[in-house]
Amino acid sequence: MSNTIVPRESEMSLAELRGDCARMAPHWAVPAKTAAKPVEPSRIHGVTVPPSSARLLDAMSDYGD
């Protein structure tokens, strides 16, 4: 058993966290970007929106007004 005391996450400084991330970055694989293909409207079916959500979106100027 190790005698090393590991600090709680809240005690870790931002610099330590950034260092940990920098050391892990080479291990993270980035998938190749693929362009999303448009879907025909006729293939979109079975989507239901609760009335409360529809009212919420209708009240937003970006979506309903």
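Is Arg23 buried or exposed? Arg23 is exposed, with a relative accessible area of 55%, where exposed denotes over 50%, buried under 20% and partly exposed the range in between (1.4 Å probe, protein chains only). This is a predicted model, in which local features need pLDDT of at least 70 and side-chain atom pairs count only at pLDDT 80 or more, while totals for chains, interfaces and linings use all residues. Residues are numbered from 1 along each chain as its sequence is written, and side-chain values use heavy atoms, with hydrogens and water left out.

**Overall architecture**
- The protein has two helices and zero strands, taken as DSSP runs numbered from the N terminus (helices: H or I, at least four residues; strands: E, at least two).
- Of its 65 residues, 0% count as buried.
- The accessible surface comes to about 6900 Å², with 60% belonging to carbon and sulfur atoms; the areas come from the Shrake-Rupley method with a 1.4 Å probe, and for residues only the protein chains shown count as cover.

**Salt bridge**
- The count comes to one salt bridge, defined as a side-chain nitrogen of Lys or Arg within 4 Å of a carboxyl oxygen of Asp or Glu.
- Asp20 pairs with Arg23 in a salt bridge whose closest N and O atoms are 2.2 Å apart.
- The two residues, Asp20 and Arg23, lie three residues apart in helix 1, so about one helical turn separates them.
- Asp20 is partly exposed, at a relative accessible area of 28%.

**Nonpolar surface patch**
- Val39, Ile44, Val47 and Val49 make a nonpolar surface patch of about 390 Å².
- Val47 is located in the loop between helix 1 (14-24) and helix 2 (51-59), and is exposed, with a relative accessible area of 62%.
- Patches are made of residues with over 30% relative accessible area and no salt bridge, joining like charges within 9 Å and nonpolar side chains (Val, Leu, Ile, Met, Phe, Trp, Tyr) within 5 Å.
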